[in-house]
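Subject: Structure handover

Hello,

Here is the structure I said I would pass on.

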Amino acid sequence: MSPNTKPKTALEVVAAIIVKNGKILITQRPEGKKQENFWEFPGGKIEKDEPAKEALKRELKEELGIEIVVGELVAEVLHQYDWGKVNILAYLCQWTDGGLQHLEVKDHRWVEPKELGNHNILAADAPIIKKLQQMNFS
């Protein structure tokens, strides 16, 4: 690497872990987007100079039309895809307002933690799933 070449930094993203009646919300990526049709925890990219929790609130409003309160950090994952690195900050969140809409997602499901692995979920979310399966949501 030449001294003028900057190493590529990871794409910074946030993910919401929303629990309702012991089940966790996952959303399906829309067609035409990178990794289309895969399932993931709702969220998205952090904009330049945007606090992570604010980014998560904005993303859920844009994608699902809902308001949330962002709680504690559950997991941080650095994952290398063939297209680059992604750093995910996953927070426990509470859905406080709004009717869930598919604004920027193809579909959604409420899934028991033990069933998360049965879905075609993004590889970067695997460590988050493992952590969630060790937690008690009942």
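Predicted model: local features only at pLDDT ≥ 70, side-chain atom pairs only at ≥ 80, totals over all residues.

Salt bridges

Searching the whole structure turns up 10 salt bridges.

Glu40 and Arg29 form a salt bridge through their side chains, at 3.2 Å from N to O. This pair links distant parts of the chain, 11 residues apart: Glu40 belongs to strand S3 (residues 39-40), while Arg29 sits in the loop between strand S2 (23-28) and S3. Are the two partners buried or exposed? Glu40 has a relative accessibility of 12%, so Glu40 counts as buried. Arg29 comes out at 16% relative accessibility and therefore also counts as buried.

Another salt bridge joins the side chains of Arg58 and Glu47, with 3.9 Å from N to O. Arg58 is part of helix H1 (residues 52-64), and Glu47 is in the loop between strand S4 (43-45) and H1, so this pair ties together parts 11 residues apart in sequence. Glu47 has a relative accessible area of 46%, which means that Glu47 is partly exposed.

The side chains of Glu54 and Lys57 also meet in a salt bridge, at 3.5 Å from N to O. Where do these two residues lie? Both are in helix H1, three residues apart, which is about one turn of the helix. Glu54 is partly exposed, at a relative accessible area of 40%. Lys57 counts as partly exposed too, with 34% relative accessibility.

As for the network, salt bridges with shared partners join Glu47, Glu50, Arg58, Glu59 and Glu62 into one group. The Arg58 and Glu47 pair described above is a salt bridge, and both residues are members of this network.

A residue in strand S2

Gln28 is located in strand S2. Its relative accessible area is 12%, so Gln28 is buried. Which residues does Gln28 contact, leaving aside its neighbours within four places in sequence? They are Asn37, Phe38 and Trp39, together with Val105, Lys106 and Asp107.

To look these up in the structure, you could begin with Glu40 and Arg29, the salt bridge at 3.2 Å, and then turn to Gln28 in strand S2.

Regards

Definitions and conventions
Residues numbered from 1 in each chain as written. Heavy atoms only, no water. Salt bridge = Lys/Arg side-chain N within 4 Å of Asp/Glu carboxyl O. Helix = DSSP H or I, 4+ residues; strand = E, 2+ residues; numbered from the N terminus. Buried < 20%, exposed > 50% of the residue type's maximum accessible area, 1.4 Å probe, protein only. Contact = heavy atoms within 4.5 Å.
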